[in-house]
Amino acid sequence: MSNSETKFGDYGGQYVPEALMPAIEELTDAYERYVLDNEDGFVDEFRNRLRDFGGRPTPLGRADQLSERYGHEIYLKREDLVHGGAHKLNNALGQVLLAKYMGKERIIAETGAGQHGTATAMAAAHLDVPCEIYMGRRDINRQRPNVFRMRINGAEVNPVDVGRGTLKEAISETMRDWATTVETTHYVIGSVVGPAPFPAMVRDFQSVISEEAREQAIERTGGLPGTVVACAGGGSNTMGAFAEFVDDEGVDLIAVEAGGSALDVDEERGVAPNSASLSIGEEGVLHGARTKLLQDGHGQIMESHSISSGLDYSGVGPELAHLVDVGRVTPATVGDDAALEAFHRLSTDEGIIPALETAHAFGFLEEALGGDDATKLAEPIVVNVSGRGDKDLEAVIEETEARELPNAPTMEVFE
Amino acid sequence: MSSSDRDDPAKRASGLEAAFDEPAFVPYLAAGDPDFESSLEYVEALARGGADVIELGLPFSEPIAEGPTIQRAVARALSSGMTPERYFEFCERLDVDVPLVCMTYYNLIYQYGDEPVRSFVERAAAVGIEGFVVPDLPAEEADLLREACDEFGLDLIFIVAPTTRGERLERIMAQVSGYVYVQARLGVTGARETVSDHTAESLQRIAERGGSAATDVPKAVGFGISSGEQAAAVVEAGADGVIVGSALVDIVAEGDETGRPTDAVAADLEAMARELKEGALAGGQRRPRPERT
């Protein structure tokens, strides 16, 4: 039998209430048997459903305009083309299917941007399991289209009013539900965070991204990529895009975090105006794992900020924190303004409207390759297009009007 | 994984066990709720009302094991400026003759001072704290805290949930000292109308699988108890004590919302404490002589 990883260096572990520990042990056992050892053909069914329901494999396409703009060969891994419009389905489908193999009768999940919530709602409808989603009130207001999609797929959406009403509070509230219903319910966590075995298991479900990208890169370009770039909030698209390249030491891995409006912390107000836990966070324990966190000097968790709800989180996956510590992954940050600019650039230059989360990865390309003092990145560069931006249109129009961006179209047609 | 010393309950401190010589009442309040000075009076009122041990919450921003009542208490205490250092001052200021147990989440213990975990425990011991309950620290992750508790002579209390069975239960019972926190029902903290049926079942399971600790270490039941009658029922079912949080925090919350004077709220807390302590004692009289001596 294969053993699952519970720690990544000093990070990871299982810091959860005792009531949940038996469920964590049950899940660990199910993960080892079905996911790692393909018992009862679980992995085969998962792959088939990813193909038939999820629309995989997704293409790796050359970004002609960006390649010309930056003088670098740039390829896009198109996770925005997965059913539902983001990489999130890879994990949601895997976990809902696993819950069925485990005989669980009910699915709960948290969501930030609503992408994981919609993916879970779709997977639960597809596999015929009742589903409830917890979502912060503030995020509900920022991401209305996704709330409608969840409801239309038949999921209950439970607003979370405590705190600032974002992903952090939604995760805490989902853990509370799970502590009550643990005997019949599986918690489909949405990222490579939480207690073991979630970080390793979610990575395994998402690693289909880098498995495909690696083969496609070899086929298209005759070799491995020089650089892989992905945005990082909790880090599920990041770990998915990196996993199969971690052992390829020649491939540079760059995790782009949300720099928000400023790259510092306001201890007095308990707020970090960014979500850059890999870049400026300190080691601590949150939501079941030891990892890098945005926290004050006492260990209270700070409120994070980002223009994109999906990156707006005070923690990050423990494996990613470990890979940064050992120097295998390089963290970078891109602020709100640069992300918004990159959103418009990809939309007008490549005809792809990216999620605001994804836009951070493209903001990094501009900052690294766009200026006069441009650094050189190893080629070819693969950027993970983690999701499409339809859900963000309202927010983008509002945020664009509030700024003077060099490359944004006006919405004057309505006047 | 553990040294033989740490597996030997005899080597562990237990200043707390004596508090359970008769059926005990163990109240919880969040320190600093709704403000430092009122909170001191409230905790002292609980002691006057008959508390045998006081679980004093050090508020953490992400209380994942707590229901809405205690979540709001934690938010009030944090916004009144409670920090770990203020918490230790609070303990020093408290004028009570009852053992204190610090209830908090692991990150605060981990972040304090120069040496993770050890600095916090050393400081806690210096202000007279006698034990810890850490809801997000299962036995698997508790080695560091267990070592520090042994070094400074503090007890480490573990929670046994309705889902805790078999080998897990044995592992926890081998690590616990002070008392076992028997969680009466699944879910989060909060006052309930009825006592859970799980209680007798959980106590039975601990007696069967708990090894020598099952008879040596007192069992206190919490989660949902809100009246003297419930306290009596829990003790009658075999508990050595009752833990009550949300029902007391409700009194603090209502006082805060309606702007009642601090001494009136303190008087209500004292009366509620008395009801719960008397309930525990009454429950003790209703059952056959306890097996513990």
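Is B:Arg168 buried or exposed?

First, a word on the model, which is predicted: local features need pLDDT of at least 70, side-chain atom pairs count only at pLDDT 80 or more, and totals for chains, interfaces and linings use all residues. Residues are numbered from 1 along each chain as its sequence is written, chains are lettered from A and ligands numbered from 1 in the order in which they are written, and side-chain values use heavy atoms, with hydrogens and water left out.

Okay, B:Arg168. It counts as buried because its relative accessibility is 5%; buried means under 20% relative accessible area, exposed over 50%, and partly exposed in between, with a 1.4 Å probe and protein chains only. You'll find B:Arg168 in helix α8 of chain B. Helices here are DSSP runs of H or I with at least four residues, strands are runs of E with at least two, and both are numbered from the N terminus. What does B:Arg168 touch, leaving aside neighbours within four places in sequence? From chain A there are A:Glu18, A:Met21, A:Pro22 and A:Glu25, and from chain B there are B:Pro138 and B:Glu140. Contact means heavy atoms within 4.5 Å.

So let's look at where the two chains meet. Chain B brings 36 residues to the contact and chain A brings 33. Between them they bury about 2,800 Å², with 52% of that on carbon and sulfur atoms. Buried area is the accessible area, with a 1.4 Å probe, that two parts lose on being put together, summed over both. On the chain B side, B:Glu62, B:Ile64 and B:Glu141 lose the most area to chain A, together 22% of what that side buries.

How many salt bridges cross this interface? The rule finds 5, and one joins the side chains of B:Arg171 and A:Glu25 at 3.4 Å, N to O. A salt bridge needs a side-chain nitrogen of Lys or Arg within 4 Å of a carboxyl oxygen of Asp or Glu.

Which elements of chain B give two or more residues to this side? They are α3 (68-79), α5 (106-111), β6 (159-160) and α8 (166-175). The largest share comes from α5(B), with 5 residues.

Now for the inside of chain A. The domain assignment, which is automatic or from a database, gives domain 1 (7-53 + 88-202) and domain 2 (60-84 + 207-408). Their C-alpha centres lie 23 Å apart. Here 42 residues of domain 1 are in contact with 43 residues of domain 2, and the buried area is about 3,400 Å², of which carbon and sulfur atoms give 54%. A:Tyr11, A:Tyr15 and A:Lys168 supply 22% of the area that domain 1 buries against domain 2, more than any other three residues. The two domains of chain A share 2 salt bridges. The side chains of A:Lys168 and A:Glu303 also meet in a salt bridge, at 3.7 Å, N to O.

Last stop, A:Gly233. This glycine sits in the loop between β9 (227-231) and α11 (236-242) of chain A, and counts as buried because its relative accessibility is 5%. Not counting residues up to four places away in sequence, A:Gly233 touches A:Gly310, A:Leu311, A:Gly315 and A:Val316. The C-alpha atoms of A:Gly233 and A:Ser277 are 8.5 Å apart, with the two residues 44 apart along the chain.
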